[in-house]
Amino acid sequence: MERLCTWASHRVEAVKVKCVGYKVGIVTGAPPHIASLEISMIGEENFDNVIIASESRGVSPKPDAHGIEEALRLLNVQNNEAMYVGNAEEDILAARNANVLDVLLIRGEYKLPEINPSLKIYSLYDLREIL
């Protein structure tokens, strides 16, 4: 049940961010079958672009900037207009490597990274304060 609540909140926040005019994309390093399941739970229609970063798909995995750079290109967004929200050190490093604002989402599921992110949030709802 907790998992469903988590995905429901992700869907709500993705829709809200899109409704106020922001483009929303996902760059994930999850295995393709897991990524597809997770994206379908949130609703692929809630995203303007989805990049699954894996060597088999020709996209270098994080912390390489390749996936984020590809998402920016496809969304027609400059790096100084973007932010990348992630929950692990590789996400923060990938954002920095792509020269976008890095935001760490702390949900207690992973050990906190040893590097300091530019911003920290504890829920996707906290994005309202940033945007």
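Me: Quick one to start: is Asp102 buried or exposed?
Reply: Buried. Asp102 has a relative accessible area of 3%, and buried means under 20% here. Keep in mind that this is a predicted model.

Me: Ok, and which element does Asp102 sit in?
Reply: Asp102 belongs to strand β4, which covers residues 101–105.

Me: What does the side chain of Asp102 make a polar contact with?
Reply: With the side chain of Ser118, at 2.7 Å.

Me: And which residues is Asp102 in contact with, leaving aside neighbours within four places in sequence?
Reply: Ser118 turns up again, along with Pro117 and Leu119.

Me: Leu119, then. Where is Leu119 found?
Reply: In strand β5, residues 119–121.

Me: How much relative accessible area does Leu119 have?
Reply: 31%, so Leu119 counts as partly exposed. Asp102, by contrast, is buried.

Me: What does Leu119 touch, not counting residues up to four places away?
Reply: Leu101, Asp102, Val103 and Leu104, plus Ile130.

Me: Switching topic. What pattern does the protein chain follow along the sequence?
Reply: α-β-α-β-α-β-α-β-β-α. That comes to 5 helices and 5 strands.

Me: How many of the residues count as buried, as a percentage?
Reply: 39% of the 131 residues in the protein chain.

Me: Now confidence. What does the pLDDT of the protein chain average?
Reply: It averages 81, and 85% of the residues score at least 70.

Me: Which elements have the lowest and highest mean pLDDT?
Reply: Helix α1 (residues 2–19) has the lowest, at 49, while helix α4 (residues 89–97) has the highest, at 94.

Me: Where does pLDDT stay under 50?
Reply: Over residues 1–9. The model has 7 contacts beyond four places in sequence for that stretch.

Me: How should predicted coordinates be read where pLDDT is low?
Reply: Not in detail.

Technical notes: Residues are numbered from 1 along each chain as its sequence is written. This is a predicted model: local features need pLDDT of at least 70, side-chain atom pairs count only at pLDDT 80 or more; totals for chains, interfaces and linings use all residues. Side-chain values use heavy atoms; hydrogens and water are left out. Helices (H or I, at least four residues) and strands (E, at least two) are DSSP runs, numbered from the N terminus. Buried means under 20% relative accessible area, exposed over 50%, partly exposed in between (1.4 Å probe, protein chains only). pLDDT is the predictor's confidence in each residue, from 0 to 100. Contact means heavy atoms within 4.5 Å. A polar contact is a pair of N or O atoms within 3.5 Å; within protein, one must be able to donate a hydrogen and the other to accept it, and residues adjacent in sequence count only if both atoms are side-chain atoms.
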